[in-house]
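Good morning, everyone, and thank you for making time for this. Please have the sequence and the model open beside you, and I will walk through a few parts of the fold one after another.

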Amino acid sequence: MQQAKHNKKVTGKILHVAVPAPLYTTFDYLSPETMRDNAPRPGSRVRVPFGRRTQIGIVLAHADHSDVPSDKLKAVQATLDTEPVLPAALLKLLKWAANYYQHPLGEVIHSAMPALLRKGKAPTVKGPTLWRVDTTIQPTQTTLKRAPKQQQLLSLLQQHTQGLTDEQLNQRLEHWRPTMKTLLTKGLVVKSDLPCIADPVRAEAGPKLNPQQQSIVDAIIRQAAGYQAHLVHGITGSGKTEIYITLAQQAINENKQVLVLVPEISLTPQLTARFRTRLGVRTALLHSGLNDGERLCAWSTAA
């Protein structure tokens with residue numbers, strides 16, 4: 001329930017919890033009886049009663065007492081994580097963002113988590129799904145002559161014997177999922193899960209920067225301490241991407257992560273391939289073409 005000042009205090013293991021509500025406060029709950037000596041750590045998800053509903057909240061801190069009267073405090077219904085899904089550094093960043101933008105902390109944290117975590121699902125990291133034709137079966141044209149959509153999808157998979165992922169299928173065919181389900185039921189295709197993030201490839205050397213590119217890189221690196229914003233202006237094909245790749249390599253050499261924002265989803269495949277082959281690192285993608293499991297995979301890898 002909402003924290004408030006009362007004369008009567010409650011002692012015991014109290015959890016300060018942020019819930020997705022448009023309220024600028026946290027809420028106190030009793031730790032589950034079975035976990036009084038091992039309460040969920042800050043950054044862990046808990047299911048709590050909230051009004052007439054239940055909510056997925058995030059534990060922010062522990063306390064030994066609450067100013068809320070004992071008859072008003074409710075207990076956590078369930079602890080959803082054995083380990084925090086939000087590391088301390090990320091939780092600190094979200095608290096800062098909520099304060100800076102003057103927005104309820106519970107809603108900020110809720111928005112920062114992937115959909116599956118917001119729904120209380122297990123934080124299981126699952127890679128992309130790969131669809132392939134079952135090579136042990138040789139379907140004839142007659143088998144699917146009255147199912148043109150199935151034949152179209154099957155023919156597409158036969159053209160790509162290595163298989164196609166959900167993302168690749170989205171780029172080639174609309175509304176393919178119901179048809180794929182039918183083919184799977186008929187035993188004509190095989191479904192498998194790829195690793196969450198593809199293994200890195202061997203890095204390839206790039207072109208040497210020209211003097212103007214090098215001067216831009218040097219200027220940005222000199223001001224790399226703390227937050228800095230820089231605008232690199234140039235027409236298409238002028239070499240801006242080489243500057244970005246060089247700066248990314250500098251950050252990776254310092255054991256840091258790099259976030260690259262792409263202006264439109266159609267540029268994602270070519271830009272991803274370019275960064276992967278030049279840097280030789282594992283890359284995680286987040287865009288509208290991913291399903292919830294793939295989003296969780298990318299989010300967990302980057303966190």
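Let me begin with helix α4, whose buried residues pack against β7, β8 (164-165), α5, α6 (177-185) and β9 (189-193). Please keep in mind throughout that what we are looking at is a predicted model. The buried residues in question are Q150, Q151, L153, L154, L156 and L157, and the helix itself covers residues 148-159, which makes 12 residues. From its first C-alpha to its last, α4 reaches 16 Å, and that is close to the 16 Å expected at 1.5 Å a residue. As a general point, an α-helix has 3.6 residues a turn, so residues three or four places apart point the same way.

Next, let us move to helix α10, which runs over residues 292-302 and has G293, E294, L296, C297, A298 and W299 as its buried residues. What do these buried residues pack against? Their partners are α1 (88-100), α2 (105-112), α3 (115-118), β7 (129-133) and α5 (166-172). At the N-terminal end of α10 there is a cap, provided by N291, with a side-chain oxygen that lies 3.1 Å from the backbone nitrogen of G293.

In soluble globular proteins, nonpolar side chains tend to be buried together. The largest nonpolar core here has 17 residues, and the members that touch the most others are I58, L60, L86 and I109. At least two residues of this core come from each of β4 (53-66), α1, α2, α3 and α10, with α1 giving the largest share, namely four residues. If we leave aside residues up to four places away in sequence, L86 touches P42, G43, I58, L91, L94, I109, M113 and W299. There is also a second, separate core of 15 residues, and among its members are V133, L144, L157 and L164.

Strand β2 runs parallel to β5 (residues 74-75), and two bridges join them, with L30 standing opposite A75 of β5.

Definitions and conventions:
Residues numbered from 1 in each chain as written. Predicted model: local features only at pLDDT ≥ 70, side-chain atom pairs only at ≥ 80, totals over all residues. Heavy atoms only, no water. Buried < 20%, exposed > 50% of the residue type's maximum accessible area, 1.4 Å probe, protein only. Contact = heavy atoms within 4.5 Å. Polar contact = N/O pair within 3.5 Å; in protein donor to acceptor, adjacent residues only side chain to side chain. Pairing = 2+ DSSP bridges. Core = buried A, V, L, I, M, F, W, Y, C linked by side-chain atoms within 4.5 Å. Expected span 1.5 Å × (residues − 1).
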